[in-house]
Amino acid sequence: MCTSLTTCEWKKVFYEKMEVAKPADSWELIIDPNLKPSELAPGWKQYVEQHASGRFHCSWCWHTWQSAHVVILFHMHLDRARRMGSVRMRVFKQLCYECGTARQDESSMLEENIEGLVDNLITSLREQCYDEDGGQYRIHVASRPDSGPHRTEFCEACQEGIVHWKPSEKLLEEEATAYTFSEASKPRAQAGSGYNFLSLRWCLFWASLCLLAVYLQFSFRSLAFL
């Protein structure tokens, strides 16, 4: 039974995607708030999602905040003989920095974010439990919200020794290359538009001078007749 809307959404997305990825096997997803990093039973594998984005809501002072540093821990096990698998999952909480309460609050996530995170989970699951090439992980460095420096003293994952994900130099280089490529055509377009703008401005300038000359000419003629 689901304990929250977010939990129900996680299970819904996971079961739907696993039915497509591994239809011959039966998998279950269990929310386990007591899951510990690197404390694995025999045959179990671990995957840590270190760059999730979520929104937190303080149940004490009603303060809400967005974080790009949500950590999710997964432990996975596949019984090949019975064709049954299990995933245990823990979303690490954060403390409210507004009221200073000792309560740690859970995060809520959008459906599209959950789908991307489940895709990453299945990629790791295929690699570690099925010895397959799981494909690429969904990492979008440029689209991560800028929420300022991470405050480790309020983060449950940091307190348990999980080092948060940081973009590797390779990923940052790929992002920079992609950005440079997408921007490459803009200076030409801007230069062209600047040229058109200058041409229009000079045309208006010379037209104004011509009108002024005509006006002065008629003014002088009027004075001459007087």
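Reader: Hi! Which residue does K17 form a salt bridge with?
Author: K17 pairs with D119, and their closest N and O atoms are 3.1 Å apart. A salt bridge here is a side-chain nitrogen of Lys or Arg within 4 Å of a carboxyl oxygen of Asp or Glu. This is a predicted model, in which local features need pLDDT of at least 70, side-chain atom pairs count only at pLDDT 80 or more, and totals for chains, interfaces and linings use all residues. Residues are numbered from 1 along each chain as its sequence is written, and side-chain values use heavy atoms, with hydrogens and water left out.

Reader: Thanks! Where do K17 and D119 sit?
Author: K17 is in helix α1 (residues 5-21) and D119 in helix α2 (residues 111-129), so the two are 102 residues apart and link distant parts of the chain. Helices (H or I, at least four residues) and strands (E, at least two) are DSSP runs, numbered from the N terminus.

Reader: And how exposed is K17?
Author: K17 is partly exposed, with a relative accessible area of 25%, and D119 is partly exposed too, at 24%. Buried means under 20% relative accessible area, exposed over 50%, and partly exposed in between (1.4 Å probe, protein chains only).

Reader: Is D32 buried or exposed?
Author: D32 is buried, at 14% relative accessible area. R88 is partly exposed, at 27%.

Reader: Nice. How many salt bridges does a search of the whole structure find?
Author: The search finds 10. Among them is the one between K36 and E160, at 3.7 Å from N to O. K36 lies in the loop between β1 and β2 and E160 in the loop between α3 (156-159) and α4 (169-183), so this pair ties together parts 124 residues apart in sequence.

Reader: Which residues are joined with K36 into one network?
Author: R90, E156 and E160 are joined with K36, through salt bridges that share partners.

Reader: What is E9 in contact with, leaving aside its neighbours within four places in sequence?
Author: E9, which lies in helix α1, is in contact (heavy atoms within 4.5 Å) with E111 and I114.
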